[in-house]
Amino acid sequence: MLRRLLKAGLNRAGLNPRRLFQRVKTPPISLPIATPVIYDQWPIHGFRYIVIGTTSICNASCVHCPTNKAITRHLAKAHMPWDLFVKLIDGIRDTGLPVGGQLCFGLFAESLLDPLVVERARYVKEQLPKVPLMINSNGGPATRELAVELEPYVDSVAFHVEAVTPSIYDELMFPLKAEKVFPRIEEFIRWFGKPVSIACPVSTKNLTEMPALREYWMTRGVHSVAPHPFSGRCSDDLPYLEYSLAPGRGDCHEEVAHDLIVDSDGTVLLCCNDFQRAEPIGDLKRETVPELIRNEARKAVHDRLKLGERKKYSTCSNCKIDCVHTLKKLVPY
């Protein structure tokens, strides 16, 4: 009935219903097919994130960070050897596996202190041109020259800034000083020309800083200001409960087996919060990248965390992190 009424109306309007409703043949459209990576299967079919500690040297000793504290003093301080870095990047390339997130420089130390940071960035872009490259930094060593040199190869930079009030910043990010670091970050933003974000773990010490922190940096050209849940960094030796807003426990599952986390000496780790390197699951000096991503230690991580057996690992059983949902309610943006 509806079809007959529609055809009658079209006839009165002088339109040919047969031509109007005829099937038009159109050439097929070629679209790229994105195959989603599933992070709950073994063996792994792609990387979730790649995090590289290009250096283990840091210019800060933030209050809640194990770096430059007694608990990490036994670890060597050095930059990643160039041949080891090349082996890593070439190995990632040769696997042919997709990277769902990004490749980051910056694990437990300050990536801009690495004298080869520009050369490393260039090499990553040459070998892995489609993989987004990000640099994590506290901004202390940031310069206009670095911004200009890194711009062709780096897709984004995240600066760790915990407050905008100088006295609070200086306390939380000791021995860095806001009066020195902020101008360096601002100059870097002006010359870099690509997305820069501010990352801030939110605690009892800086919760009230968040609105001013966002306004300060957004008016200076950053892409975003990202609050992060406060973490105990898998350690009992740091003041987590004193600073925590919503104490909780980490709850990672088998997807972490798809992360490739490599420290400056080639040690491959289960977690980017394992500052004390208590749970190594490989060694780039002795294994190839294909071996690292399919060895028995990584498979055990996948299988155990899939079953919820987090207590098998000291880092997981000692992982304390604030509740994300509570954070979203507390942070006013």
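Colleague: Which residues have the most contacts inside the largest nonpolar core?

Modeller: Please note that this is a predicted model, in which local features need pLDDT of at least 70, side-chain atom pairs count only at pLDDT 80 or more, and totals for chains, interfaces and linings use all residues. Residues are numbered from 1 along each chain as its sequence is written, and side-chain values use heavy atoms, with hydrogens and water left out. A nonpolar core is a set of buried Ala, Val, Leu, Ile, Met, Phe, Trp, Tyr and Cys residues joined through side-chain atoms within 4.5 Å; buried means under 20% relative accessible area (1.4 Å probe, protein chains only). Here the largest core has 90 residues, and I92, L103, F105, L150, F159 and W217 have the most contacts inside it. Its largest share, seven residues, is supplied by helix α7 (residues 178–192); helices are DSSP runs of H or I with at least four residues, strands runs of E with at least two, numbered from the N terminus.

Colleague: What is F159 in contact with, beyond its neighbours within four places in sequence?

Modeller: Contact means heavy atoms within 4.5 Å. The partners of F159 include L112, A142, I185, F188 and I198.

Colleague: Which residues of helix α8 are buried?

Modeller: In α8 (residues 210–218) they are M210, L213 and W217. Seen down the axis of α8, the directions from the axis to the C-beta atoms of these buried residues fall within an arc of 60 degrees, so they line one face of the helix. They pack against α7, β5 (196–202) and β6 (224–229).

Colleague: Is T315 buried or exposed?

Modeller: T315, found in helix α12 (residues 314–317), is buried, with a relative accessible area of 4%.

Methods
Buried < 20%, exposed > 50% of the residue type's maximum accessible area, 1.4 Å probe, protein only.
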